[in-house]
Amino acid sequence: MMIHIKMIGNYRDHLPPASKNGMIEIEVPDGTTVHDAISRFGIPLDDSSVIVLNGLTVDMNTPLQEGDVVTAFSAIAGG
Amino acid sequence: MYIFEGKASEPVYLWVNEDQVEVRSAAHVWGKEVPETTDILKVETHPEARVACIGPAGENLALMAAIMNDKNRAAARSGVGAVMGSKNLKAVVAMGNKNPPLFNPDAMRDISVDTSKNVGVDIKKGSNLRIYGTAYVPQVTNTLGILPTRNFLQGTFEHADKVDGVALKEQYLIKNVPCYRCPISCGRLTEVPDGPYKGKGEGPEYETISSLGTGCGVSNLAALTKANYLCNEYGMDTITTGMTIAAAMEMYEKGYISEDVIGMPLRFGDHDAMIAMIHKMARREGFGNDLAEGSYRLCEKYGHPEIAVTARKQEFPGYDPRGSQGMGLLYATSNKGASHMEGDVAYEEVFGVPVKENPLTTEGKPELVKHFEDSFALIDSSGLCVFLAIRYVFSKERMVWPVRLADMMNLTTGAGYTPEEVLKAAERVYNLERMFLIKAGSGPEHDTLPHRMLHEPLPDGPAKGKVVELDKMLPEFYKLRGWDEKGYPTKEKLEELGLPVS
């Protein structure tokens with residue numbers, strides 16, 4: 001299935017060159033979770049990382065559906 | 001601390017040079033904009049003096065007038081610039097090198113070095129505030145569906161990519177501008193090099209983007225940046241300026257104000273009309289005289305108060321509370337009217353700092369809002385920046401605890417405060433302000449939100465269908481505050497805080 005990954009701010013640097021405006025569409029197998037999807041990009045996730053599914057706060061083990069948008073950003077150092 | 005009472009018969013400024021204080025004529029700078037005023041006053045006092053002044057907006061008593069510091073930094077909200085203007089006080093100019101002694105300078109240096117080290121470690125990981133300034137935030141709030149768009153008619157903006165920190169960095173950023181000795185350096189010196197919006201100055205920051213940009217449906221970054229420069233030069237709060245124009249745009253589009261009254265069409269997205277309105281507001285020219293009263297009075301005058309998105313008659317900042325419920329309770333109870341800076345629970349609901357809260361729920365929000373309001377009163381009272389304070393001098397738990405802040409206050413003063421005591425002092429600040437408001441006629445009946453937030457569900461984005469569920473939060477908030485069910489501080493609470501009972 002196809003899903004979208006959106007990275008904000010400094011996390012954009014971890015997206016491949018094919019991305020546009022911090023966003024890329026990728027194919028993932030059924031059963032892929034939010035955590036699985038975001039882990040593909042080598043982002044240094046830590047306690048400052050915020051990951052949302054379709055803009056909503058969810059469990060990182062939530063399985064993805066076709067067309068979902070997973071967004072990640074970091075509010076480290078300040079706010 | 002200086003207290004200005006009454007009104008000077010002629011325009012004046014105050015010159016504070018070390019221990020010497022002098023009131024001087026400001027007749028020659030009255031009417032001048034902020035940058036020119038600042039330059040002139042430095043020439044006639046001291047080249048290293050710092051200037052806090054008002055521009056034409058403050059002189060003309062525009063209710064969104066700010067006090068501008070070092071040309072580009074604004075004490076923006078609540079119309080404090082108009083208060084200076086009403087006193088004929090153009091500026092306060094200060095110069096001094098005599099630092100007050102610290103109680104324990106060695107330990108204070110150690111704790112400062114350690115704090116800086118912690119900040120440095122995080123910056124190395126990649127700080128968006130440092131790389132993009134607060135302008136990185138539109139992408140965050142747009143993702144959550146809480147980016148104020150077209151006077152809060154929507155929570156997402158289709159052109160957010162055109163007005164965010166990445167676009168600003170690529171197109172107009174010259175360099176970062178830090179406050180004194182700040183390791184983050186989130187300020188932006190920018191320049192629009194040519195064209196109709198040519199100019200140079202600081203900004204735009206997030207709150208300017210969400211008001212003069214998305215709030216007005218404007219996606220032209222050069223025009224938005226120019227609008228920011230103009231607000232700085234006239235001395236105006238960009239939030240209230242932008243959201244007042246946004247309210248006027250909505251009234252124009254709905255046919256409640258005619259083109260004849262405004263003097264031109266005023267559609268959402270029309271950046272040239274927006275810029276024209278800023279000039280008129282600052283000078284109180286024509287329709288600008290209505291705009292200079294802010295959106296509440298503007299919308300009331302033209303028969304549609306429901307269009308004003310305000311609390312205690314002050315315009316909302318850049319977080320739509322329908323998708324950030326704690327912010328809704330904050331706007332309704334902030335002593336400054338709608339303001340994020342009086343207890344910014346968006347740190348947790350939006351940014352996950354230090355702990356991520358679900359922004360769409362109301363459970364637990366009253367205690368979080370109360371705690372953040374008190375904590376922000378503490379940060380303000382100690383003179384710290386919230387960006388640094390919330391992460392580095394409080395504990396990293398949901399109910400942030402001022403452990404390191406109390407240490408710093410003790411090393412400065414030798415007072416021996418516990419964290420509980422400094423937070424209790426902050427609660428006293430909050431309640432004292434509350435009592436002042438009640439006496440000034442802005443009591444609990446104003447602990448509410450505008451029609452749009454309570455009755456018009458968000459039409460788009462992740463928070464689609466939501467309104468602010470204020471009635472689920474406010475009674476519990478009053479209880480946690482130790483107030484009666486109507487929202488008045490009780491005799492017991494005032495006595496506990498050492499405040500006069502009257």
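Two residues are in contact if their C-beta atoms, placed from the backbone, lie within 7 Å. This cut-off applies to every contact in the legends below. The model is predicted: local features need pLDDT of at least 70, side-chain atom pairs count only at pLDDT 80 or more, and totals for chains, interfaces and linings use all residues. Residues are numbered from 1 along each chain as its sequence is written, while chains are lettered from A and ligands numbered from 1 in the order in which they are written.

**View 1. Surroundings of Gly461(B).** Gly461(B) is found in the loop between helix H21 (451–455) and helix H22 (470–481) of chain B. Helices (H or I, at least four residues) and strands (E, at least two) are DSSP runs, numbered from the N terminus. Leaving aside residues up to four places away in sequence, Gly461(B) touches Gly55(A), Gly145(B), Gly155(B), Thr156(B) and Gly323(B). Between Gly461(B) and Leu144(B) there are 317 residues in sequence but 7.1 Å in space, C-alpha to C-alpha. Gly461(B) is buried, with 25 other C-beta atoms within 10 Å. A residue is buried if 20 or more other C-beta atoms lie within 10 Å of its own, exposed if 12 or fewer, and partly exposed in between, with C-beta atoms placed from the backbone.

**View 2. The side of chain B that touches chain A.** Here 32 residues of chain B are in contact with 20 residues of chain A. On the chain B side, the elements that give two or more residues are helix H4 (105–126), helix H5 (128–132), helix H6 (137–144) and helix H18 (386–392). The residues of this side divide into 17 nonpolar, nine polar and six charged. In this division Ala, Val, Leu, Ile, Met, Phe, Trp, Tyr, Cys and Pro count as nonpolar, Asp, Glu, Lys and Arg as charged, and the others, Gly among them, as polar.

View 3. Strand S1 (residues 12–17) and S2 of chain B pair in the antiparallel sense over six bridges; two strands pair if DSSP finds at least two bridges between them. Val16(B) has Val21(B) as its bridge partner in S2(B). Two residues stand between the strands of the hairpin, in which Glu18(B) takes a positive phi near 55°. Of the six residues of strand S2 (residues 20–25) of chain B, the number buried is zero, so this strand lies largely in the open.

**View 4. Helix H1 of chain B and its cover.** In helix H1 (residues 34–44) of chain B, the buried residues are Val34(B), Thr37(B), Thr38(B) and Leu41(B). Seen down the axis of H1(B), they fall within an arc of 100°, so they line one face of the helix. The arc is that of the directions from the helix axis to the C-beta atoms. The cover over these buried residues includes S1, strand S3 (50–53), strand S4 (67–69), S6 and helix H9 (221–234) of chain B.

View 5. Three strands of chain B form an open sheet in the order S7-S8-S9, with antiparallel pairing. Strand S7 (173–177) and S9 of chain B are the edge strands, each pairing on one side only. From one strand to the next the twist averages 15°. S7(B) and strand S8 (residues 187–192) of chain B are joined by four bridges in the antiparallel sense, and Lys175(B) has Leu189(B) as its bridge partner in S8(B). H9(B) lies across S8 and S9 of chain B and runs at about 70° to S9(B). Axes are lines fitted to C-alpha atoms, for helices over the stretch in contact, and angles run from 0 to 180 degrees between N-to-C directions.

**View 6. Helix H14 of chain B.** The buried residues of helix H14 (residues 294–301) of chain B are Gly294(B), Ser295(B), Tyr296(B), Leu298(B) and Cys299(B). These residues pack against helix H10 (238–253), helix H13 (288–291), strand S10 (310–311) and strand S11 (314–315) of chain B. Just after H14(B), Gly303(B) takes a positive phi of about 80°.

**View 7. Two cis peptide bonds in loops of chain B.** The bond from Gly203(B) to Pro204(B) is cis, with omega near 5°. Pro204(B) sits in the loop between strand S9 (199–202) and helix H8 (206–213) of chain B. The bond from Val353(B) to Pro354(B) is also cis, with omega near -10°. The loop that holds Pro354(B) is between helix H16 (346–349) and helix H17 (365–382) of chain B.
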